[in-house]
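I opened this notebook page to record what I looked up in the structure. The entries follow the order in which I checked each item.

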Amino acid sequence: MKRLFSSITVLITLSLVGIIIMQVSWLKNLIKLKEDQVKQNIDNVYQNLSDEFGQRREQLIKEASRDYGTLFSPRGFFEPLKAVSIGAKISSSEIEKIINSAFEKAGLGKMKYEYAFFRGC
């Protein structure tokens, strides 16, 4: 009887240890999956922001070429050849709104971030 009781106790203990190990493994995989999803969402946000600012830059270039369409422009011939900087044309608050909107669309609205724009010479 003692032998049967100790055998059952050992088997129950091994079963519980196995279940705990399996649950820990599932939790690790779940955490890894969530991290990968967040990284993918962040990559999508970066790509969307890059596209958005690229489109805005193209629009600024088109506007600049329209404004400086003639050879004898009052602002000078080489003015349209200067680099078009988004940071010089869009306010910081508008940039922040664009970034916040991109994070909201990706479901990352509460995520903290930092950004910087270099305003060229």
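I began with arginine 56, which counts as partly exposed because its relative accessibility is 23%. The model is a predicted one, and I read each entry below with that in mind.

I then asked which side chains meet that of arginine 56 in a salt bridge. One is glutamate 52, at 2.8 Å from N to O. Arginine 56 and glutamate 52 are 4 residues apart in helix α1, so about one helical turn separates them. Glutamate 52 has 27% relative accessibility and therefore counts as partly exposed.

The other salt bridge of arginine 56 is with glutamate 94, at 2.9 Å from N to O. This pair links distant parts of the chain, with arginine 56 in helix α1 and glutamate 94 in helix α3, 38 residues apart. I noted glutamate 94 as partly exposed, with a relative accessible area of 32%. Through shared partners, the salt bridges join Glu52, Arg56 and Glu94 into one network.

**The remaining salt bridge**

The count for the model is 3 salt bridges. I looked up the pair formed by lysine 32 and aspartate 36, whose side chains meet at 3.3 Å from N to O. Since lysine 32 and aspartate 36 lie 4 residues apart in helix α1, they too are separated by about one helical turn. Lysine 32 is partly exposed at 45% relative accessibility, and aspartate 36 is partly exposed at 34%.

**Overall layout**

I recorded 3 helices and 0 strands for the chain, in the order α-α-α from the N terminus. Of the 121 residues, 15% are buried. Among contacts with a separation of 6 or more, 69% are between residues 24 or more positions apart. The chain exposes about 10300 Å², and carbon and sulfur atoms supply 60% of that area.

**Nonpolar core**

Which residues make up the largest nonpolar core? I listed 11 residues in all: Ile42, Val45, Leu49, Phe53, Ile90, Ile95, Ile98, Ile99, Ala102, Phe103 and Leu108. Helices α1 and α3 (92-105) are the elements that give two or more residues to this core. The largest share, 5 residues, comes from α3. For isoleucine 42, I set aside neighbours within four places in sequence and found contacts with Leu108 and Met111.

**Nonpolar surface patch**

My last entry concerns a nonpolar surface patch of about 650 Å², made by Met1, Leu4, Ile8, Ile12, Leu16 and Ile19. I placed isoleucine 12 in helix α1 (residues 2-67). Its relative accessibility is 47%, so isoleucine 12 counts as partly exposed.

Terms used:
Residues numbered from 1 in each chain as written. Predicted model: local features only at pLDDT ≥ 70, side-chain atom pairs only at ≥ 80, totals over all residues. Heavy atoms only, no water. Patch = residues over 30% accessible without salt bridge, like charges linked within 9 Å, V, L, I, M, F, W, Y side chains within 5 Å. Areas by Shrake-Rupley, 256 points an atom, 1.4 Å probe, with all protein chains shown as cover. Salt bridge = Lys/Arg side-chain N within 4 Å of Asp/Glu carboxyl O. Buried < 20%, exposed > 50% of the residue type's maximum accessible area, 1.4 Å probe, protein only. Core = buried A, V, L, I, M, F, W, Y, C linked by side-chain atoms within 4.5 Å. Contact = heavy atoms within 4.5 Å.
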